[in-house]
Amino acid sequence: MRINAILLSAVFLCFACGNSFAYINATYLNTTVILNATTTAHVIETVTINMSNSSVAQYLQDRQAINLTLSDWASTLHTNLLIQHILSPNSSVGRFTLLPGPLLYSNSRTAQATLTMSYIDYNITSITNIGPRRFEYIFNGGSLNFEHTAGGQSLPPDARLNIIVPKGTEIVSVYPQPDFPPPSFLGSYNNDTLLSWYEGEPLHKFQFSYIVKQSLQNEVITYFSTMYDNYKQEIYLFLIILVSIMSVYIYVRVFT
């Protein structure tokens, strides 16, 4: 009986200590870069958070706080994953949002949540017109802002990088080869719109370029948009003159 009592006390003590041990950790990073037919990119980064049941109240309190910054969350989680990992060296980001997600309970003692960063990154690609309605885009490898090691920049062991390209894109070159999907029989990725690199992938010589064929409609829209940007003042002056002439004509017809 005495031995049973001792064992029961030990089990109870372990259970109590397990419940009282508080932790909240960032455990995984998923960075997705959505490229389009411009030099900008929409970047969405999610950081997975695991926490003990005793840390839930603190997380909920921090989630409701409207003045917590990115650095505040990074300090709270004691992690270096919570930074912007796609940063153009030639410009700043725009439309940045940080959204702490709702809780998902794994069991009675642990919970999980995600922090989502969303922003627009400018000058991520350079564009070259290589033919009629054909434009080659070269990704700026200097915009990657991941872990720096002795061998150069690489993905952390708890991170994943995804690049999404427009449908119908012709991928010219990619290095290193993505972990997903596998290349076609001819070694190309032209039928794929999502390419992913997994944990620990070296990125110090990262290269990515692709070709987008512009539709005739978009070519016409781009032509007139470019004309408007180049001759904006002249167009305004022409409209002012035209309105003035019409006003004089109406005045003469009505009052004379």
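Student: How many bridges join strand S7 to S13, and in which sense do the two run?

Tutor: Strands are DSSP runs of E of at least two residues, helices are runs of H or I of at least four residues, and both are numbered from the N terminus. Two strands pair if DSSP finds at least two bridges between them. In this predicted model, S7 (residues 134–139) and S13 are antiparallel and joined by 5 bridges. Glu136 has Ile211 of S13 as its bridge partner.

Student: How many residues of S13 are buried?

Tutor: A residue is buried under 20% relative accessible area, exposed over 50%, and partly exposed in between (1.4 Å probe, protein chains only). Strand S13 (residues 207–213) is mostly covered, with 5 of its 7 residues buried. For the chain of 256 residues, the buried share is 32%.

Student: How is a salt bridge to be read, and where does Glu170 form one?

Tutor: Side chains of opposite charge can pair when their charged atoms come close. The criterion is a side-chain nitrogen of Lys or Arg within 4 Å of a carboxyl oxygen of Asp or Glu. The structure holds 1 salt bridge. Glu170 pairs with Arg134, their closest N and O atoms being 3.5 Å apart. Because Glu170 lies in strand S11 and Arg134 in strand S7, the pair ties together parts that are 36 residues apart in sequence. Glu170 is partly exposed at 32% relative accessible area, and Arg134 is partly exposed at 28%.

Student: Why do the buried residues of helix H3 line one face?

Tutor: An α-helix has 3.6 residues a turn, so residues three or four places apart point the same way. In H3 (residues 70–77), the buried residues are Leu70, Trp73, Ala74 and Leu77. Seen down the helix axis, these buried residues of H3 fall within an arc of 100°, so they line one face; the arc is that of the directions from the axis to the C-beta atoms. Their cover includes strands S1 (24–35), S2 (41–52), S3 (93–100) and S5 (110–121), together with helix H2 (56–64). After H3 comes His78, with a positive phi near 55°.

Student: Which residues does Thr48 touch?

Tutor: Contact means heavy atoms within 4.5 Å. Thr48 belongs to strand S2 and is buried, with a relative accessible area of 18%. Leaving aside residues up to four places away in sequence, Thr48 touches Asn25, Ala26, Thr27, Tyr28, Gln112, Ala113 and Thr114. Among chain contacts between residues at least 6 apart in sequence, 69% join residues at least 24 apart.

How values were computed. Residues are numbered from 1 along each chain as its sequence is written. This is a predicted model: local features need pLDDT of at least 70, side-chain atom pairs count only at pLDDT 80 or more; totals for chains, interfaces and linings use all residues. Side-chain values use heavy atoms; hydrogens and water are left out.
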